[in-house]
Amino acid sequence: MGGEKPARNIRAVIYARISMDREGAGLGVERQSADCRKLIADRGWQLTEAYYDNDISAYSGRLRPSYRRMLGAVAAGQVDAVIAWHTDRLHRSPRELEEWIEICERNGVATVTVRAGELDLATAAGRMVARMLGAAARHESEQKSERVSRARQQAAEAGLAHGPLGYGFNVDQTINVDQAEIIREVAARIMAGETLYSVASDLNGRAVPIPGAGKWTWRTLRRVASDDLLGMRVAGAVRSEIVQRLGDGEAPGRIASDLTRRGVVAPTGGWRSANLRQMIIRGSLCGYREWEPGGRGHGKGELVAHGTWTAIISRQETERLRELLNAPGRDSGRAVKHLLSGVLACGRCGARMGGRTDSRSGKRNYSCSAQPGMDRCGKVAVRAEPVEALIEASVLDVLSRSAIGEHRTHVAGNESDLRKELDAARETRDLLVAQLARGELSTREWATARPLLDSRIKQAQEELGATSNAAGTLATVPSGKRVHQWWKDASVARRRAVIVALIERVEVAPGVKGRNWFDPTRIAPPVWRA
């Protein structure tokens, strides 16, 4: 800074950050801050502001609010020197470092650290040192990430839980009886063909609490701060406090703990397709530890080892739920209003027909909807009630006869064959991985084989999901005369699931001009699934 200003006029700011605050008390940044304050006092500089980001990693890429505010002050010419405990507290990303060098060089701002000294970013040598320190910090972070990932994988393979087991379990890993009852109900209903939406709507109607209801988490805090609708459900003073504390860089975990201790109840949302799906496919529910490289599982990882806790549902049920919910063509989860949407097909252009309800008359129909960019004629429609009655009669006829038993056997056979294909593909992949590890397979050979195996596994999983969906749906349908009462009592979603499991398509011929009544001869016989 070349003595251009008397020391007493140097406007210094402090930046302190800690990646993980297990204590939730901000002690790490306070220790850094104390050392930085001493350095400022020893140099006779003026401390104008202190910026803290607690429990936020620079390597993770997460937004550091206090760092961004400090960068804004530097760019605005309000700072002469930035004091940090070490350069790795400021950056572990080359992209951020280059932005920092550019702004500090342009504004003549010094970067001074307690442990690594001063960085003269006005010279090429100083910038080189900064980049070397940044590269070393990045290397350290990557090595730490690899060590942590390997340790977590070993813990997973040993069947050890990674944190709380979640919904269905108490803090001591024993089963929560009430929540376990809901889990078993949800699993049974989904395997019976119900959509996530219909199950979630029913749980909300019964006021069943969602996972973590009333508890503060860092996700809830950020949603309250940014979501006006959710924020309206929190007292104004509490929301203002949350926004202020987050803006000051306080650790979200510490804020959540403080609000819970004070008895402030977090706003509780309802069951949705997304959180219901995430809850029901977790490996912990079947007593298994799951592992996903680069993640924490949450229903996406492989079931690698028996856990040290008691299962709520079986592994077979968890695998079936994953197959059903990951199957291609799975309903989006919205409420089922029309029994035959996607089942009926236009007899003129072949496009699938969708259900529509006239907003004025309330009458329903199925129609081929012409849309820009889509090859649809938009010229075929049919009244909903009579065509639904016709198809339901055909389905009930099949269900009440012995033919449904043959269909179930055929579907079960397909499911068994697909499961064998999936297991064989996985075994081949594991064998090649072992050969690669022993040096018996070259990386080039592995690079050639892996995409083919991944494609084979993915195709088998998709086909198995669709087949399992049909098998699970049909398994819940009674046989013989009992099916008529079951059908009468079943929801639209359940009946539709059965129809989709049995019928590939039903073609609807164009209507005759001038005929305003339902003509059953326009409806072709159903194309039954093999």
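The protein contains 18 helices and 13 strands, as seen in a predicted model. Of its 530 residues, 42% are buried, and the accessible surface amounts to about 28,300 Å², with carbon and sulfur atoms accounting for 51% of that area. When contacts between residues at least 6 apart in sequence are considered, 67% of them join residues that are at least 24 apart.

Helix α2, which spans residues 65-75, has as its buried residues S66, Y67, M70, L71, A73 and V74. These residues cover an arc of only 160 degrees around the helix axis, and they therefore lie on the same side of α2. The helix is followed by G77, a residue whose phi is positive, near 80 degrees.

One of the buried residues of α2, V74, is also among the residues touched by V109. V109 is placed in the loop between α4 (94-107) and β4 (110-113), and it counts as buried because its relative accessibility is 6%, where the cut-off for a buried residue is under 20%. Leaving aside residues up to four places away in sequence, the contacts of V109 are with V74, V79, D80, A81, V82 and C104. For D80, the separation from V109 is 29 residues in sequence, whereas the C-alpha to C-alpha distance between D80 and V109 is 4.8 Å.

A further region described here is the pairing of helix α6 (residues 177-191) with helix α7 (residues 196-205), whose axes come within 10 Å and cross at roughly 145 degrees. The crossing of α6 past α7 is right-handed. On the α6 side the contact is formed by I182, E185, V186, R189 and I190, and on the α7 side by L196, S198, V199, D202 and L203. Classified by residue type, this contact comprises six nonpolar, one polar and three charged residues.

Within α7, the buried residues are L196, V199, A200 and L203. Viewed down the axis of α7, these buried residues fall within an arc of 100 degrees, so that they line one face of the helix. Among the elements that cover the buried residues of α7 are α6, α12 (273-280) and α13 (315-325). L196, V199 and L203, which are listed among the buried residues of α7, also take part in the contact with α6. Just after α7, A207 adopts a positive phi of about 60 degrees.

Notes. Residues numbered from 1 in each chain as written. Predicted model: local features only at pLDDT ≥ 70, side-chain atom pairs only at ≥ 80, totals over all residues. Heavy atoms only, no water. Buried < 20%, exposed > 50% of the residue type's maximum accessible area, 1.4 Å probe, protein only. Helix = DSSP H or I, 4+ residues; strand = E, 2+ residues; numbered from the N terminus. Arc of directions from axis to C-beta. Axes fitted to C-alpha atoms, helices over the stretch in contact; angles between N-to-C directions. Left-handed = near helix turned anticlockwise from the far one by under 90°. Contact = heavy atoms within 4.5 Å. Nonpolar A, V, L, I, M, F, W, Y, C, P; charged D, E, K, R; others polar. Areas by Shrake-Rupley, 256 points an atom, 1.4 Å probe, with all protein chains shown as cover.
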